[in-house]
Amino acid sequence: DCGSPFCEIDLNRSLWSLTKPVLYVHKTQRRLLVIDDKVLVRDYPVVLGPQPRGDKCMRGDGRTPEGDFFVCVKNPFSKYHKGLGLNYPSPRHAEEAYRFGVISGDEYLRILRANEIMTLPPDNTSLGGDIFIHGGGLGHDWTLGCVALRNADIDELFDAIPVGTPVKIMP
């Protein structure tokens, strides 16, 4: 083990050959890495929400969430070209919010249930939701907490990444 999520680089590999992809978003570096079985196969520039530092805490905070997620839905007709929906709020975010009285017990259970059945969690709680990796272009940090790429990049990623793919979003 080389101590990194990847030990080799092969940016020419076809994304159709992926066997165990994992997406890594490095917020500080504004990069999305596609790692397949310890091999870096893509490195895309991204933009985030207007408040990129820190974990997402509530709707409207302009932050991109941090932690371990998975792709739970694919939207080929996104307002932002195409989108890969993430399971935010995750069970960890929901548990923290419930513990501090930010969401109700019913909201907590609805979030857990959505995660169990691998669908988008409810977006109508104070935690916000509808967090996607989508197109729409680069430039300044303009999303409401999503991860945006160039349309050509999300086209490539959208076709190759299945529902269930792990996504790790780091500071």
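**Close-ups of salt bridges in a predicted model**

**View 1. Lys-82 and Asp-155 join side chains in a salt bridge, 3.1 Å from N to O.** Here a salt bridge means a side-chain nitrogen of Lys or Arg within 4 Å of a carboxyl oxygen of Asp or Glu. Lys-82 sits in the loop between β5 and β6 (83-86) and Asp-155 in helix α3 (residues 151-160), so the pair ties together parts that are 73 residues apart in sequence. Helices (H or I, at least four residues) and strands (E, at least two) are DSSP runs, numbered from the N terminus. Lys-82 is buried at 18% relative accessibility, while Asp-155 is partly exposed at 26%. Buried stands for under 20% relative accessible area, exposed for over 50%, and partly exposed for in between (1.4 Å probe, protein chains only).

This is a predicted model: local features need pLDDT of at least 70, side-chain atom pairs count only at pLDDT 80 or more, and totals for chains, interfaces and linings use all residues. Residues are numbered from 1 along each chain as its sequence is written, and side-chain values use heavy atoms, leaving out hydrogens and water.

**View 2. Asp-68 meets Lys-168 in a salt bridge of 3.5 Å, N to O.** Asp-68 belongs to strand β5 (residues 67-75) and Lys-168 to strand β9 (residues 166-170), so this pair links parts that are 100 residues apart in sequence. Asp-68 is exposed at 54%; Lys-168 is partly exposed at 27%.

**View 3. Asp-37 and Lys-20 form a salt bridge, with their closest N and O atoms 3.6 Å apart.** Asp-37 is partly exposed at 47%, and Lys-20 is exposed at 53%.
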